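This briefing is meant for someone meeting the structure for the first time. Please look over the sequence and the model shown here before reading the notes that follow.

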Amino acid sequence: AEALNGLGNILLSQGRTDNAIESFKKALVIAPDSPDTLNNLGVSLKNANRPQEAVESFEDALRLAPDSPDILCNLGNAWQMRGDMKRSRECFAQAQKIAPQAVAPRWGGCFAHLEMSYDTTSEVEEARRQYAKALDELDRFLTLDTPEQIREAASAVGVNQPFYLTYQGKNDRELQVRYGTLVSKIMARAYPQFALPLQKNSTGKIRVGIVTGFMHEHSVWKIPTRGWAHHLDRERFSVHGYYTGVKDDHYTVEARRLFDTITHSPHDFEALCRTISSNRLDVLIYPDIGMDPTCAKLAGLRLAPVQCVSLGHPMTTGLPTMDYFLTSDLMEPEGGELAYTEKLIRLPNLSVHYEPLRQGKPKFDRSHFGLPDDALLYFCPQSLYKYLPDHDQLYPLIARQVPKSRFVFLQNSAADTLNARFSARIARTFAKHGLDADKHVTMLPYQGPDEYHALNCLCDLFLDSIEWSGFNTAMEAANTGLPVITWPREQMRGRHTYGVIKMMGHDEAIATSFSDYVALAIHMGNDEDFRLKLRDRTFKNRSRLFGDMETIRGLEDFLESVAR
């Protein structure tokens, strides 16, 4: 059992999660009462996107070791993944009572105040207040005056992040400054050799690094990273990739081909820092900061003289180590600079060189998804935490005027609590308008890439989310000719689809207010001729979205200007 447990840990460290699960389960057949093995199995199940099973494994471990703060923290993280932040906070609070000087319980508990979903607007405001309070308390606690606390704090960075803060539809600059300042302070104390200012030293080709945890089929790879890695002029630039994730697919193989050099080092953080530093980059670009744990740590350090972040996760980092934010000129509103701590660089058009990964007719028909042939399908494919309660009335207001309307949402693959809470909220909203949600709302399970492509082909209209708009989703919808409609908001992340529509020249699909958005969705639902004409125009004009070399030239000009 001990050997199988050790083997499982090694397999897990190599990213071989399924093999690790198998090894831990074999160990438990021999020694079923091992809290250590049960805990390790829970970690593996969580990494495999199976948080419900992970919760069960951690709870079994706790029954054997009820005073383990590590198991409690792991259980808190698993509940967080399921979307139950209340239970998550309870786990972290219990761990803090057992180990009051430990960093992990306080760190995890801080970010568990940011819910995945809210029933009312007042809940959003309360979550922000509680998070701000917890962040201040965490900052006061982290004196960083002992090697042990420095080590624990550096280990905690990235494990939990303010990911859900940016889905609240607010300007998060002030809160992100407090978070980013804390992260950079921790990382500078833990790795002082990688926190010093660096001098520009460019001679010959400009050396550009791109670091991300998503060099596989993921929106961060499809939207900014892939096109930049492929098309930067190799006569002027050498482009070096650093992959911090563990997933490996066809696009991971492609990444190895596109970069001049690639380093895949997800498990040895200090070695990765040394590699990046020794490559003497002129500019280091993070396509996203806010999702990948390793990138969250790296971004708090100074590994290149010029460091940039982009819109893979479209919010300011608040990090003093980030110099520039690469944004889209079409998406960024006037005065957008006020939302960022970084200097804003408005790259041309959509800021990305994008090529669709899938073309052609769908492999499935409506019956495969249980969708009626005679329904008018509004596709609502965004992550459920993008939908705020203020805007739920959109759907019954449309349904009243488009009787055969059906709104197609996609469930979260892991967060069962989020799925149930969102469904209940939508049902209550329909009931308030005298309608039955079951007749108008379809909640499909998480779909694979081919099924998702089919849904874009089979639906009638793409209904954009409000406050956090679709970018990759809007691009993939337009690629199939699916008409896209939107209402642009104040923050750049609420204007992604607006940029896509402007690029295609379909201004008639852009609403100017909530009531206008409702009216536009109703008109397009009822006027088949208008809708089909827009579908034809979308299919024709979609080529404007793809293969944009103007944005590549804009990126190259920026890199030249800051590297020398």
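This is a predicted model: local features need pLDDT of at least 70, side-chain atom pairs count only at pLDDT 80 or more; totals for chains, interfaces and linings use all residues.

In strand β4, the residue Ile-285 is the bridge partner of Ile-210.

- Strand β1, which covers residues 206–212, and strand β4, which covers residues 283–286, pair in the parallel sense over three bridges.
- Helix α11 packs on the sheet, where it touches β1, β4, β5 (306–310), β6 (324–328) and β7, and its direction makes about 160 degrees with that of β1.
- The open sheet is formed by seven strands in the order β3-β2-β1-β4-β5-β6-β7, and their pairing is parallel.
- The edge strands are β3 and β7 (343–347), each of which pairs on one side only.
- Neighbouring strands of this sheet are turned against each other by 25 degrees on average, with direction ignored.

**Thr-225 in helix α11**

- Thr-225 belongs to helix α11, and this residue is buried, with a relative accessible area of 0%.
- A polar atom of the Thr-225 side chain lies 2.8 Å from the backbone oxygen of Val-220.
- When residues up to four places away in sequence are not counted, Thr-225 touches Ile-210, Thr-212, Val-220 and Pro-287.

**Helix α12**

- Within helix α12 (residues 250–258), the buried residues are Tyr-251, Thr-252, Glu-254, Ala-255 and Leu-258.
- Seen down the axis of α12, these buried residues fall within an arc of 155 degrees, so they line one face of the helix.
- The exposed residues His-250 and Arg-257 are carried on the face of α12 that is turned away from its buried side.
- The buried residues of α12 are covered by elements that include α11 (219–231), β2 (237–243) and β3 (261–264).
- The N-terminal end of α12 is capped by Asp-249, a side-chain oxygen of which lies 2.9 Å from the backbone nitrogen of Tyr-251.

**The five-stranded sheet**

- A further open sheet has five strands in the order β10-β9-β8-β11-β12, with parallel pairing.
- Strands β10 (441–444) and β12 (484–485) stand at the edges with a single partner strand each, so one side of each is left without a neighbour in the sheet.
- Strand β8 (residues 376–380) and strand β9 (residues 405–410) run parallel and are joined by five bridges, and Cys-380 stands opposite Phe-409 in β9.
- Helix α16 (residues 394–401) packs on this sheet and touches β8, β9 and β11 (461–463), with its direction making about 150 degrees with that of β9.
- Helix α18 (residues 449–458) also packs on the sheet, touching β8, β9 and β10, and its direction makes about 135 degrees with that of β8.

**Nonpolar cores**

- The largest nonpolar core has 128 residues, and those with the most contacts inside it are Trp-107, Leu-142, Tyr-286, Tyr-395, Ile-398, Phe-407 and Leu-463.
- Helix α21 (residues 514–526) supplies the largest share of this core, namely seven residues.
- Leaving aside neighbours within four places in sequence, Phe-407 has contacts that include Tyr-378, Cys-380, Tyr-395, Ile-398 and Leu-463.
- Another core, which lies apart from the largest one, has 29 residues, among them Val-208, Trp-221, Val-239 and Ala-255.

**Met-503 in helix α20**

- Met-503 is found in helix α20 (residues 496–504), and at 15% relative accessibility Met-503 counts as buried.
- Not counting residues up to four places away in sequence, Met-503 touches Leu-330, Asn-349, Leu-350, Arg-544, Leu-545 and Asp-548.

Methods. Residues are numbered from 1 along each chain as its sequence is written. Side-chain values use heavy atoms; hydrogens and water are left out. Buried means under 20% relative accessible area, exposed over 50%, partly exposed in between (1.4 Å probe, protein chains only). Helices (H or I, at least four residues) and strands (E, at least two) are DSSP runs, numbered from the N terminus. The arc is that of the directions from the helix axis to the C-beta atoms. Contact means heavy atoms within 4.5 Å. A polar contact is a pair of N or O atoms within 3.5 Å; within protein, one must be able to donate a hydrogen and the other to accept it, and residues adjacent in sequence count only if both atoms are side-chain atoms. Two strands pair if DSSP finds at least two bridges between them. Axes are lines fitted to C-alpha atoms, for helices over the stretch in contact, and angles run from 0 to 180 degrees between N-to-C directions. A nonpolar core is a set of buried Ala, Val, Leu, Ile, Met, Phe, Trp, Tyr and Cys residues joined through side-chain atoms within 4.5 Å.
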